[in-house]
Amino acid sequence: MSPATELILKSALSLPEPERLELADRLFDSCEADDDEPPSLSEAWQKEVERRWAEYDAGLAETVSWESVKAKWQARRAGGG
């Protein structure tokens with residue numbers, strides 16, 4: 001990373017979480033392709049997406065809350081998991 005990027009990152013990390021999330025969202029949006037089409041998937045992945053969506057739609061998928069995922073991720077980052 002360039003020194004300028006490091007400086008920007010340091011400043012961004014000092015922001016409150018809601019502002020960091022907004023910044024991340026805006027940065028991500030700036031990197032998306034001009035067209036609104038999602039990237040194409042192989043036939044196998046397309047079938048897998050459809051299978052998982054049907055499972056979710058039917059209420060058969062086991063879901064996990066964002067809070068649980070976030071807590072697990074934070075624990076791993078902290079070396080606790």
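Let's start in helix α3, where E48 and R52 sit four residues apart, about one turn of the helix. This is a predicted model, and in it the closest N and O atoms of the E48–R52 salt bridge are 2.7 Å apart. Both ends are partly exposed: E48 has a relative accessible area of 21%, and R52 comes in at 49%.

R51 and E55 repeat the spacing, again four residues apart in helix α3 and about one turn of the helix. Their salt bridge has its closest N and O atoms 3.3 Å apart. E55 is partly exposed at 32% relative accessibility, and so is R51 at 42%. Through salt bridges with shared partners, E48, R51, R52 and E55 end up in one network.

E43 and K47 also pair up, with a salt bridge of 3.3 Å, N to O. They are four residues apart in helix α3, which means about one helical turn between them.

## The aromatic pair

Searching the whole structure turns up one aromatic pair. It's W53 with Y56, a tilted arrangement at 5.5 Å centre to centre and 35° between the planes. The two are three residues apart in helix α3 (residues 43-57), so about one helical turn separates them. W53 counts as exposed at 57% relative accessibility, while Y56 is partly exposed at 46%.

Conventions: Residues are numbered from 1 along each chain as its sequence is written. This is a predicted model: local features need pLDDT of at least 70, side-chain atom pairs count only at pLDDT 80 or more; totals for chains, interfaces and linings use all residues. Side-chain values use heavy atoms; hydrogens and water are left out. Rings of Phe, Tyr and Trp (its six-membered ring) pair if their centres lie within 6.5 Å; planes under 30 degrees apart count as stacked, over 60 as edge-to-face and the rest as tilted. Buried means under 20% relative accessible area, exposed over 50%, partly exposed in between (1.4 Å probe, protein chains only). A salt bridge is a side-chain nitrogen of Lys or Arg within 4 Å of a carboxyl oxygen of Asp or Glu.
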